Amino acid sequence: MVLDKEDGVPMLSVQPKGKQKGCAGCNRKIKDRYLLKALDKYWHEDCLKCACCDCRLGEVGSTLYTKANLILCRRDYLRLFGTTGNCAACSKLIPAFEMVMRARDNVYHLDCFACQLCNQRWMLYFPELH
Ligand SMILES: [Zn+2]
Ligand SMILES: [Zn+2]
Ligand SMILES: [Zn+2]
């Protein structure tokens, strides 16, 4: 898995000091004993949730991931935006959510792998074409 480090944002659990903070999620005042600070905003522990699976991000780790205006847990971030590696046939990146074919140490797009197979078949039957 290859991760874009810049998309990870640390979350801090802090005790509110001084003036009550407004929650960036629900816009209400935070009266809890602890609040979460992330993305330069304050959040109820209940309000900072993954846009995909609705888990409470403060409970699953100390880093959230943000991309395309989504706030995500690591798992969903990887699923949506992570990559499996480069395709050995076309050398383009393969997103983590895409089905791949693996052969020895190589990964392939399904389509690219099929092409490789048929290329090989062509080579077997019509070696003079290559
Ligand atoms: Zn809130
Ligand atoms: Zn999630
Ligand atoms: Zn490919």
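**Close-up views of a predicted model**

**View 1. Cover and buried residues of helix 2.** Strand 5 (63–67) and strand 6 (70–72) are among the elements that cover the buried residues of helix 2. These buried residues, in a helix that spans residues 74–81, are Asp 76, Tyr 77 and Leu 78. Buried means under 20% relative accessible area, exposed over 50%, and partly exposed in between (1.4 Å probe, protein chains only). Helices (H or I, at least four residues) and strands (E, at least two) are DSSP runs numbered from the N terminus. The model is predicted: local features need pLDDT of at least 70, side-chain atom pairs count only at pLDDT 80 or more, and totals for chains, interfaces and linings use all residues. Residues are numbered from 1 along each chain as its sequence is written, chains are lettered from A and ligands numbered from 1 in the order in which they are written, and side-chain values use heavy atoms, with hydrogens and water left out.

**View 2. The site of the zinc ion (ligand 2)**. Cys 50 (SG), Cys 53 (SG), Cys 73 (SG) and Asp 76 (OD) coordinate the zinc ion at 1.9 to 2.3 Å. Donors are N, O and S atoms within 2.8 Å of the metal (3.2 Å for Na, K and Ca); water is not among the atoms, so sites may look incomplete. The arrangement is tetrahedral because the four donor atoms subtend angles of 98 to 117°; four donors count as tetrahedral if all angles lie between 85 and 135 degrees. The spacing of the donor residues in sequence is C-x2-C-x19-C-x2-D. Cys 53, in the loop between strand 4 (41–43) and helix 1 (57–60), and Cys 73, in the loop between strand 6 and helix 2, are 20 residues apart and link distant parts of the chain. Cys 53 is partly exposed, at a relative accessible area of 32%, whereas Cys 73 is buried, at 5%.

**View 3. Strand 3 between two antiparallel partners**. Strand 2 (residues 12–14) and strand 3 (residues 35–38) are joined by three bridges. Two strands pair if DSSP finds at least two bridges between them. Three bridges also join strand 3 to strand 4. Lys 37 is the bridge partner of Leu 12, and Tyr 42 in strand 4 is the bridge partner of Lys 37. The hairpin of strand 3 and strand 4 has two residues between the strands, and Leu 39 takes a positive phi near 55°.

**View 4. The hairpin of strand 9 and strand 10**. Four bridges join strand 9 (residues 100–103) to strand 10 (residues 106–109), and the two run antiparallel. Met 101 has Tyr 108 of strand 10 as its bridge partner. Two residues lie between the strands, and Arg 104 in the turn has a positive phi of about 50°.

Methods. Contact = heavy atoms within 4.5 Å. Tetrahedral: all angles 85-135°; square planar, octahedral: opposite > 155°, others 65-115°.
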